[in-house]
Structure formats: structure tokens, C-alpha cells
Amino acid sequence: LASVERRETDNLIGTLLALFGNLLVSISLCIQKYSHVSLAGTKDQRAFFFTKTWWFGFLFTCIGEGANFVSYAFAPLAVVAPLNAVSVLASSILGFIFIREKSKARDFAKENVLTFLGYVLTTGGTYLLVAFGPNSHEELIAENVVTHLVSWPVLLYLSLEIVTFCLLLYFYKRRNADYLLVILLLVALLGSLTVITVKAVSSMLVLTIKGNMQLDYPIFSVMFVCMVASVVYQARFLSQACKLHDSSMIASLNYILSTFFAVVAGAVFYMEFKNDNALHICMFLLGTAICFLGVFCITKNKRKPKNFEPYVTMNMANGVPTIHDKGRAAQQDFNGSFSYGALVNDTAAPASLQSEQQPGDFSSTESSRQKADSKDD
């Protein structure tokens with residue numbers, strides 16, 4: 001009974017640390033964004049890292065990521081990893097607060113109904129996965145980490161993951177398959193290794209602080225090196241994805257893939273679902289799927305700025321180019337003019353241009369100009 005109470009207490013501590021860390025990271029990102037925007041709107045030539053606001057946000061980032069790191073030592077991977085949805089939810093809400101767009105209540109609700117639906121789904125899914133998440137948690141001393149690492153399910157899982165990663169990397173580097181799904185699968189596969197090593201390193205550090213020295217075991221150094229390497233390469237692939245694809249799609253798809261592989265890694269490596277019944281597992285999977293849908297709705301509703309896409313009409317009679325807005329009706333009469341760009345009738349043939357003109361034929365030219373002027377009026 002004491003062990004069950006202790007396990008529940010550890011899970012509660014880990015869950016609260018993960019919620020606090022993700023919320024603090026969202027606040028820090030908004031603060032740093034405010035610092036960049038404030039500098040861009042003034043004549044201040046200082047770099048962003050010379051402002052107090054940016055360093056204040058950076059401090060919040062360090063505290064939030066530290067809380068996330070420690071949460072892995074107390075709660076299962078399957079509970080901590082999906083809670084990154086809280087960061088997406090909080091960032092979106094803070095964005096509404098800071099933007100403060102002036103619009104009618106009906107228009108505002110109509111434009112953001114998908115986002116509000118995402119809020120409800122993410123909140124409900126988070127409750128389900130926390131309430132029905134795995135309750136198994138063990139103290140990961142160095143001997144336990146080695147035991148998990150050399151078990152045949154883990155070796156099989158790591159072998160499949162390495163083969164898949166190498167194949168994806170080959171197609172990405174050699175075949176130029178720079179699709180978003182390929183890049184984010186590489187990130188997610190690295191992410192599963194990251195969460196495995198983070199949980200091991202965090203648990204051994206917490207045990208060392210409590211007085212049970214774990215840092216002198218070789219497995220700690222191995223896990224620490226793998227953790228740092230996987231984080232660095234994750235950041236590189238994410239940076240390449242941001243250069244090639246839309247950020248909203250990256251946010252939603254990366255959360256879905258990374259969470260899926262993190263849950264699988266926790267189930268295989270640390271056997272987190274071995275003591276749960278089928279009902280708890282199904283409710284947990286339902287909550288995770290609802291979180292996926294909620295994050296997708298939140299990121300899908302990001303409005304893109306409307307770019308000005310004009311079409312240009314060159315009036316050959318006057319020789320003056322005219323730029324029209326795409327929203328206005330295009331000129332239907334193509335006599336004496338040709339157009340390119342957004343046309344109503346793309347199949348109309350351009351008028352032929354006379355390369356030579358008889359000398360003295362100024363009257364016909366003048367009459368054609370008068371006709372064109374009257375037609376324009």
C-alpha cells in the first residue's frame with residue numbers, strides 16, 4: 001500500500017512539473033517575441049540579447065525546460081510526452097491576448113471557431129490521458145537501466161528504429177526527398193531516443209541528489225552522450241523543416257509524431273503499461289487522440305496574411321502599363337492590348353503588334369489614341 005501511494009505521489013509530482021514547465025515555456029516564448037517586436041518598431045540598434053526583456057524570457061525558458069526535465073524522473077513517459085499540448089494551447093491563448101484584434105464578437109467567433117474547438121478538445125484529451133495514464137513507475141538506478149537496455153524487445157525496437165532512420169536519411173540526403181513527413185519522421189525517431197535517455201539521466205540525477213550515487217556508472221555517461229547528440233540533431237532537422245515548410249503544419253505534425261513515438265518508446269523500453277487493464281489503455285489512447293485532434297485544430301486555424309497579387313495590363317495604344325487589383329474585374333476587350341497575370345480569359349490570343357508604320361500616317365495613330373481614350377473613359 002505504501003508503494004502504491006508513493007507511486008501515485010510521484011506521478012502527481014511529475015505531471016504537475018510537466019504542466020508547469022510547458023506553461024512557463026509558452027510564457028517565455030511570448031516574452032521573447034515581444035522583445036523582438038519592440039526592437040523592430042523602434043530606432044534602437046541594439047541586438048535582442050542586450051535587452052532585459054529577452055533575458056527575462058530566456059530565464060523563464062530555462063526554468064520551464066528544467067521542470068520538464070525533472071518531470072521525467074517522477075512520471076511515466078506516456079504521461080509527460082503528450083502534455084506538450086499544454087504549451088500549444090497556452091501559446092495560442094497568449095497570442096489572442098497580446099494581439100487584441102478589434103472586431104465584432106460575431107465575426108471574431110466565426111473566424112476562430114476552429115481554434116476554440118481545439119481548446120476544448122485539447123483540455124478534454126489532457127484530462128483523459130492524465131486520469132487514465134500508466135501508473136507504473138520505478139526508480140531507475142543504473143542496474144535497472146542496463147536491464148531494460150539489453151532486453152530483447154528493446155533491442156528489436158532499437159534495431160527497427162535505426163534501420164528506419166537510415167532509410168529515411170538516405171532518401172532525404174541522396175534522393176532529395178525533402179517532404180515534411182520525411183523530415184519530421186527523422187525528428188520523431190530521434191525524439192524517441194531523446195525521451196528514453198532523458199528519463200534515464202533525469203532519474204539517476206535525482207537519485208544522486210537524494211544520496212544514492214549513480215553518476216559513476218558507465219551507463220550514465222552513455223545515456224548522457226546519446227541525449228545530447230539526439231537533441232542537437234533534432235534541432236538541426238527541425239531548422240531545415242522550418243526553412244522549407246509552413247510552421248503551423250510543422251507544429252501539429254511534429255507534436256503528433258513525436259508523442260506517438262515517445263509513448264511507444266515508454267511502453268517498450270520501460271514497460272509502462274504492463275500493470276494497466278484494457279479499459280485504462282483504451283481511455284488513455286482516446287485522450288491522446290483527442291489531444292492530437294485539438295492541436296491540429298489550433299494550428300490549422302492560423303490565418304495567413306493576404307498578399308497583393310496584381311495583374312498588369314499594357315495598353316499598346318497609349319504605351320502605359322496599368323496595375324489592377326486582383327479583386328476587380330479584368331478588362332474584357334482585348335483589342336489593341338495584351339495582358340499577363342490573373343486574367344479572366346486566359347485563352348484569348350494577344351493582339352499582333354505592327355513592327356513597321358508608314359511615314360505620315362499620323363492621323364490614323366491620333367484617331368486610334370482618341371478611340372482608346374474614349375474607351376477607357
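Student: Is S230 buried or exposed, and what is its relative accessible area?

Tutor: This is a predicted model, in which local features need pLDDT of at least 70, side-chain atom pairs count only at pLDDT 80 or more, and totals for chains, interfaces and linings use all residues. Residues are numbered from 1 along each chain as its sequence is written, and side-chain values use heavy atoms, with hydrogens and water left out. Buried means under 20% relative accessible area, exposed over 50%, and partly exposed in between, with a 1.4 Å probe and protein chains only. S230 therefore counts as buried, its relative accessible area being 2%.

Student: Which residues is S230 in contact with, leaving aside its neighbours within four places in sequence?

Tutor: S230 is found in helix α10; helices are DSSP runs of H or I with at least four residues, numbered from the N terminus. Its side chain reaches the backbone oxygen of M227 at 2.9 Å. Contact means heavy atoms within 4.5 Å. With the neighbours within four places set aside, the residues in contact with S230 are L190, L193 and T194.

Student: How far apart are the end C-alpha atoms of helix α8?

Tutor: Helix α8 comprises 22 residues, 152–173.

Student: Which residues of α8 are buried, and within what arc do they fall?

Tutor: The buried residues of α8 are V154, Y157, L158, E161, F165, L168 and Y172. Seen down the helix axis, they line one face of α8, because they fall within an arc of 100 degrees.

Student: What covers the buried residues of α8?

Tutor: On the other side of α8, W152, L160, I162 and L167 are exposed. The cover over the buried residues includes α7 (142–149), α9 (180–210), α10 (218–244) and α11 (247–269).

Student: What is the relative accessibility of N176?

Tutor: N176 is located in the loop between α8 and α9. Although it is not a glycine, N176 has a positive phi of about 55 degrees. N176 counts as exposed because its relative accessibility is 59%.

Student: What is the relative accessible area of M271?

Tutor: M271 lies in the loop between α11 and α12 (278–300). M271 is not a glycine, yet it has a positive phi of about 50 degrees. M271 is partly exposed, because its relative accessible area is 39%.

Notes
Helices (H or I, at least four residues) and strands (E, at least two) are DSSP runs, numbered from the N terminus. The expected span of a helix is 1.5 Å times one less than its number of residues. The arc is that of the directions from the helix axis to the C-beta atoms. A polar contact is a pair of N or O atoms within 3.5 Å; within protein, one must be able to donate a hydrogen and the other to accept it, and residues adjacent in sequence count only if both atoms are side-chain atoms.
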